[in-house]
Amino acid sequence: MTGTLAERQAELVAALVAGGPSPAGFAAGPLAAARAALRRKRAGEVARHWPLLAAGLGAAWPSTFADWAAERPTGGSLRDGWDLARALRERDALPPGGAEELAVREAGLRYDGRRAPRPRRLPAVARAGGAVAVQIAGRVRLVRPAARPPANLGGPARDAAGSAAWISD
């Protein structure tokens, strides 16, 4: 093992959270387990800041986040979620709830991907996945929700007799 203690510590941190190579002298199995645990913890923190994004991805959330975060050091849970939502939007894989969350955040805050988000001072309109949010006088409103896929693609739901199911008062 060569290098100063600080250099070796930086290598270990990079291997654990930023996709860096495994440093010499560490067993691969425990290092992979620690890496996976830290990634799960990071996904949980992002889900607390971006609950609609995480809920919209459902059971795919842990793997989607892990794949995205594998080679990226954290910028904080708010920024990680924002960057992931933008990446999903570019791939047309952003769920409707995540699109609404992204539109609201982008209407209220200015974020360039490098520096911390800052409040907007001027009125703004943001769009993501069909959702539209506006910010005027510091208040953000979701003007149009994101389009949801139809619940029943085969037409109205049918009951056992073949009649269209509906609810009346």
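Me: Which residues line the largest pocket?

Reply: In this predicted model, the lining consists of Leu16, Val17, Arg35, Leu38, Arg39, Lys41, Arg42, Glu45, Ala69, Thr74, Ser77 and Asp80. The pocket holds about 160 Å³ of space.

Me: How many residues of the lining are nonpolar, polar and charged?

Reply: Four are nonpolar, two are polar and six are charged. Arg and Glu count as charged, so Arg35 and Glu45 of the lining belong to that class.

Me: How do you know where helix 1 and helix 2 meet, and at what angle do they cross?

Reply: The axes of helix 1 (residues 5–17) and helix 2 (residues 28–49) come within 8 Å. They cross at roughly 65 degrees. Helix 1 brings Leu12, Ala15, Leu16 and Val17 to the contact, and helix 2 brings Leu31, Ala34, Arg35, Leu38 and Arg42. Contact means heavy atoms within 4.5 Å, so these residues meet that cut-off. Seven of the contact residues are nonpolar, none polar and two charged.

Me: What describes the packing of helix 5 and helix 6?

Reply: Helix 5 (residues 77–90) and helix 6 pack at an angle of about 120 degrees, with axes 10 Å apart. Their crossing is left-handed. Leu78, Trp82, Ala85, Arg86 and Arg89 of helix 5 make the contact with Leu102, Arg105 and Glu106 of helix 6. Here four residues are nonpolar, none polar and four charged.

Me: Why are strand 3 and strand 5 said to stand at the edges?

Reply: The open sheet has three strands in the order 3-4-5, with antiparallel pairing. Strand 3 (124–128) and strand 5 (139–144) each have a single partner strand, so one side of each is left without a neighbour in the sheet. Neighbouring strands are turned by 25 degrees against each other on average, direction ignored.

Me: What makes strand 4 and strand 5 a pair?

Reply: Two strands pair if there are at least two bridges between them. Strand 4 (residues 131–136) and strand 5 have five, in the antiparallel sense, so they qualify. Val134 stands opposite Arg141 in strand 5.

Me: Which helix packs on the sheet?

Reply: Helix 6 (residues 96–108) does, touching strand 3, strand 4 and strand 5. Its direction makes about 25 degrees with that of strand 4.

Notes:
Residues are numbered from 1 along each chain as its sequence is written. This is a predicted model: local features need pLDDT of at least 70, side-chain atom pairs count only at pLDDT 80 or more; totals for chains, interfaces and linings use all residues. Side-chain values use heavy atoms; hydrogens and water are left out. Helices (H or I, at least four residues) and strands (E, at least two) are DSSP runs, numbered from the N terminus. Axes are lines fitted to C-alpha atoms, for helices over the stretch in contact, and angles run from 0 to 180 degrees between N-to-C directions. A crossing is left-handed if the near helix is turned anticlockwise from the far one by less than a right angle, and right-handed if clockwise. On a 1 Å grid over the protein atoms alone, a cavity is a set of points where a 1.4 Å probe fits but cannot get out, and a pocket is an open set with protein on both sides within 12 Å along at least five of seven lines; lining residues have an atom within 4 Å of a point. Grid points are joined across faces, edges and corners, and a volume is the space filled by probe spheres set on the points.
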